[in-house]
Amino acid sequence: MGGLGDGATAALGGCQTSNQADYMQIGYGPSFDVAHAQCEMHKGSVHQGYIAIGSPGFVAGAGIGNALGNLAAEDQYMKNCLILSGWKRAPHGQGATAAPAVAGGAPPTPYGIQRAPGSWINTALLDWSDANSKCVAGDKAACGTRAKLGAQLRAAGINPAPV
């Protein structure tokens, strides 16, 4: 019985990866190692327990099913947690191209990093901050950009302010 459960666990566990080369940075957040460690610490919180009464085969099957379900839930949790931290699984073979700059400690530039779908707010905040700095320095065109972006952000319920 243990051999079947171990084999199934190893097969599903192989879906989850912690190799930075398999990820791409999609926004601001901690380094991959820090983000992965934070997510790893909490992934066990998604585990579900089970109660099984019946024949030994039924109880073993319920245990295996529960273990597989927990592994799938952990994998989904890690995916979502890393996205919230600014990292996303890259399409096969494309994560390694972004990894060297990040691994070297270089922060991503506000423009040019791939952003997650729907992350216009993050981009708008970065653009607003850049325009604000330029406006404070006397760039009148940047003041117009800052006003336009500020209006869009306030319409979305976000009030931008210098930090």
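**Entry 1, helix H6.** I looked up which residues of H6 are hidden, and I found that Ala142, Cys143, Leu149, Gly150 and Leu153 are buried, where buried means under 20% relative accessible area and exposed over 50%, with partly exposed in between (1.4 Å probe, protein chains only). They cover an arc of only 135° around the axis, which puts them on the same side of H6; the arc is that of the directions from the helix axis to the C-beta atoms. I noted that the face turned away from this buried side carries the exposed residues Lys140, Ala141, Lys148 and Ala155.

I am reading a predicted model, in which local features need pLDDT of at least 70 and side-chain atom pairs count only at pLDDT 80 or more, while totals for chains, interfaces and linings use all residues. Residues are numbered from 1 along each chain as its sequence is written, and side-chain values use heavy atoms, with hydrogens and water left out.

I checked what lies at the N-terminal end, and found Asp139 capping H6, with a side-chain oxygen 3.1 Å from the backbone nitrogen of Ala141. After H6 comes Gly157, whose phi is positive, near 90°.

I then asked what covers the buried residues of H6, and the cover includes helix H5 (120-136). In H5 I found Ala124, Trp128, Ala131, Asn132 and Cys135 buried. Seen down the axis of H5, these buried residues fall within an arc of 105°, so they line one face of the helix. The buried residues of H5 pack against H6, and just after H5, Gly138 takes a positive phi of about 110°.

Note on methods. Helices (H or I, at least four residues) and strands (E, at least two) are DSSP runs, numbered from the N terminus. Contact means heavy atoms within 4.5 Å. A polar contact is a pair of N or O atoms within 3.5 Å; within protein, one must be able to donate a hydrogen and the other to accept it, and residues adjacent in sequence count only if both atoms are side-chain atoms.
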